Amino acid sequence: MKRYPEYKQLNLAEIDTTITQFWQEHKVFEQSIQSRAASKPFVFYEGPPSANGMPGIHHVVGRTIKDIFCRYKTLQGFRVERKGGWDTHGLPVELKVEAEMGITKDDIGTKVTVEEYNAKCRETVMQYKHVWDDLTNKMGFWLDLQNPYITFDNKYIESVWWIIKQIFDKDYMYKGYTIQPYSPAAGTGLSSHELNQPGTYKEVTDTTVAAQFKTSEEAVNKAFGINTPMGLPTYLIAWTTTPWTLPSNTALAVGKEIEYALIQTFNPYTFQLCQVVIAKALIGKWFKPENENASFEDYKAGDKNIPYIILQICKGNQLAGIEYEQLLPYEANAKNHIDGDAWKVIVGDFVSTEDGTGIVHIAPSFGADDHRVAKQNNIGSLTMVDKAGKFIEGMGELSGRYVKDYINEADYKSPDIDIAIKLKTENKAFNVQKYAHNYPHCWRTDKPILYYPLDSWFIAMTKAKDKLVAKNKKINWKPESTGTGRFGNWLENIQDWNLSRSRYWGIPLPIWRTEYNSEQKCIGSVEELKVEIEKCNASGLHPIQKSELPDLHKPYIDEVVLVSESGKLMRRELDVIDVWFDSGSMPYAQWHYPFENQENFKASFPADFIAEGVDQTRGWFYTLHAIGTLLFDSPAYKNVVSNGLVLDKNGVKMSKRLGNVIDPFSTLEKYGADAVRWYIISNSQPWDNLKFDIEGVEETRRKFFGTLYNTYSFFALYANIDQFEYNKEKAIPVAERSELDQWIISKLNSLIKDVTENLDNYEPTPSARAIENFVDRNLSNWFVRLSRRRFWKSESSTDKQAAYETLYECLEAIAPLMSPIAPFFSDWLYQNLKGNNESVHCTNMPLSNSNYILLPLEDRMDKAQDVCSLILSLRKKESIKVRQPLAKAIIPVLSENDILQFQKSGIHHQGRGQCQRIAVFDRHQWIVYQENQGQFQSTRKKDGKQDEGFERCCRCIQPRRYPSH
């Protein structure tokens, strides 16, 4: 009877199917948790994906990293519960629904009701859940899919409300009318962390204008101290990369201490003689130095060399207060539409001479600095563009035109071009050119954003900056540079969190206010809401309302009216909250804390480990950290692995358009999940960008798993023939086994030590590579090869028994060591060895026994392996067949001790190198060869043709020079 199963060939995909069935039948995942003490938890947080889109190969990468450390900690005896979760709100869902329904945001509430719209969102958000679950199972990512947290669930929402109320009560929330990044394509404002997602800044080429703002020659001359007027039109020159904002201009800003020059020259388009003002330091940017003081009389209209003369210099503060004519007057931007002063020069602390003209065009509605400095100087604002991103009515030929291409118009033409042409023809442009620069885009629509005045709710993160920075220093970041650099720098320059979104499908902001905002309430629970509804019902100020809501989403929550303490009606702020706040609330909301499971929450906060892509540094990583710090003055996680991007084999980002996308399902089916997982981890560190090459997956399957499979097959074949069965109690003591056995056992225990240390430090790649090296170089190509005759002996002997026991012990240890990365094959191997239904994932990680580690023996054998590898490479180079014996191998060494070591292990390299004789000489002889070729030649002639191999060996390693002392 065969004790160990034998197979005809390796089929990793078939092993996946067999082991998956075994896991399901025996509830192995559940066993791996329940068999560990609840008093020894290792807490993992699953960052919630959105199930309204298909998963990709990058999800396999991220989930492999998560799974490795959860499995590893389980093997160390920790109880690792991992609840799945689904991110179900937000912009991605809404945009997809709008596309499917053929509507825009403006149609919600008119063509379709909010109730119908949100019902469609709820239906759509789980559209691909079954596909995600399938991928999760196929790749061996253990996650509780039966009891996931779902962000649209009423209980989850209630916990989020509780969190917001805590922040509100701590005076971290405020409503402000400020300039914020705004996405016209999505119809909502964006937070600073959304604006800083990877890839949001794209290089674009825009039309730029250095505009001429006409002013009084008398006022300018006075500022520059010039008493004699020349009767020339005078202009202040301001440069902008957004000409569409010029109709909204209400001021020009200068730097207080910056020096400005009054210059006489000609306009390059109308050839009019004029005076212009720009910063002295930037004259060379707009004028050719060789044309200074050139002849004005010799200039002819159209000449490229335009003469100029610097008339006078003054400081920026001397220009403050100068008035100028409106650049682009229309009906809609007339003076009576401005809520303050307009069209004068002011001083701005942000003005510099790094680019432009040193004079900044101020449109308070479209820039944070513009808005701030305008408010300081009582300058009003003009908002000539609506939230759809198009010019409002009353803007003449610009009316109704989109400032950027937000709706994919087939014949879209930028209004910037027409504005530039208009300014040229009206003698209001000093320079027009194309300019390439980076411009922020919406992270979901991929369309340009605007900076726009919004009435939004904010969390005052700037007040918590010091705490955020301090708590971050307690987190172990992998790589460290992400924590100290990308994340740390982000915290050092933190901005207040724009929390509110003018959308429909999201967690409603639980704040009610009176008509004129004199009173407000933040609701922190469903029970509190019921109480407040009953108060309103009892007041008689409003028709009776039901205190039980079927759903906490819009439109139901918008129908709730409350009453203030002074007896005024209060209505809810209509916005929903930033979807990133949803996911950042999962440590609490996944347990419906604090309304239930308080002990579960306390035992699971903060997390021991999280992992997501580098794009989450300013996403989920940040929101977890921010909320944890605000609520409990604690980081939300202790260890974090931030994995890099997944590129194609040429280093190009994967996209359907380029046709370089890797389908995860077909890849797993063809090569097996373990080959994919092992390739991902062994190829590069998780935080480095991975160039995913399908040929590399095949090589991993063939070289690593093929070698390990063949090693097991060799063992099974001969163990079954000899009816060997391992008995730990009767095993021959390691010290009584052969030197070869002691060596591989030493190597095994060194491997266990290295793998454990690396995984403890969240370094899976060195662990994978160390296991690969052990299996290939040490176990298969050295121990098994040199022990084959021991297994082939017909008679039983102590040495043969020791060989079986040693090989079995190595395979038995390899299974759990590799199991975090290769969960299917490791369980297959373990069960083949054990012959029972025990899973490797319910066992313990092997411990390194220092008594078995013999470093001198390992060092000696390493040298033997190196020599054999060198001899084999020389054979290949010289086309000498492996089976053809060499007469002699001569080895240069460094010391007499090395000679002794080689003599002790000589039998091994004779066997592997097929040499009849091994000769060793020390470093002094080697130096003679290096420095005196003639002496080598005479030695060679003396010894004859037998030393041809020595000459070849010397040629191979000749570049190495050993010291002579």
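Student: How many cavities of 30 Å³ or more does the structure hold?

Tutor: Please note that this is a predicted model. A cavity is a set of points where a 1.4 Å probe fits but cannot get out. With a volume cut-off of 30 Å³ or more, the number of cavities is three.

Student: Which elements give two or more residues to the lining of the largest cavity?

Tutor: The largest cavity holds about 120 Å³ of space. It is lined by 16 residues, and the closest to its centre are Gly90, Leu91, Arg501, Ile577 and Val579. The elements that give two or more residues to this lining are helix H4 (91–101), strand S22 (576–577) and helix H16 (579–584).

Student: How do the residues of that lining divide into nonpolar, polar and charged?

Tutor: For this division, Asp, Glu, Lys and Arg count as charged, while Gly is among the polar residues. The lining of the largest cavity divides into six nonpolar, four polar and six charged residues.

Student: Which helices each supply at least two residues of the lining of the second largest cavity?

Tutor: The second largest cavity has about 70 Å³ of space. Its lining includes Val61, Ile65, Ile680 and Ile681. By class, the lining has seven nonpolar, four polar and one charged residues. The helices that each supply at least two residues are H3 (57–75) and H21 (673–683).

Student: Is Phe715 buried or exposed?

Tutor: Phe715 lies in helix H22, which spans residues 694–721. Leaving aside residues up to four places away in sequence, Phe715 touches Tyr4, Phe724, Tyr804, Leu807, Tyr808, Leu811 and Leu833. A residue counts as buried under 20% relative accessible area. Because its relative accessibility is 1%, Phe715 counts as buried.

Student: Why does Gln318 count as partly exposed?

Tutor: Gln318 is found in the loop between strand S10 (309–315) and strand S11 (344–347). Partly exposed residues fall between the buried limit of 20% and the exposed limit of 50%. Gln318 therefore counts as partly exposed, with a relative accessibility of 40%.

Student: Which backbone atom does the side chain of Gln318 reach at 3.0 Å?

Tutor: A polar contact requires a pair of N or O atoms within 3.5 Å. The atom that the side chain of Gln318 reaches at 3.0 Å is the backbone nitrogen of Lys315.

Student: What distance separates the C-alpha atoms of Gln318 and Gln146?

Tutor: These two residues, Gln318 and Gln146, are 172 residues apart along the chain.

Conventions:
Residues are numbered from 1 along each chain as its sequence is written. This is a predicted model: local features need pLDDT of at least 70, side-chain atom pairs count only at pLDDT 80 or more; totals for chains, interfaces and linings use all residues. Side-chain values use heavy atoms; hydrogens and water are left out. On a 1 Å grid over the protein atoms alone, a cavity is a set of points where a 1.4 Å probe fits but cannot get out, and a pocket is an open set with protein on both sides within 12 Å along at least five of seven lines; lining residues have an atom within 4 Å of a point. Grid points are joined across faces, edges and corners, and a volume is the space filled by probe spheres set on the points. Helices (H or I, at least four residues) and strands (E, at least two) are DSSP runs, numbered from the N terminus. Buried means under 20% relative accessible area, exposed over 50%, partly exposed in between (1.4 Å probe, protein chains only). A polar contact is a pair of N or O atoms within 3.5 Å; within protein, one must be able to donate a hydrogen and the other to accept it, and residues adjacent in sequence count only if both atoms are side-chain atoms. Contact means heavy atoms within 4.5 Å.
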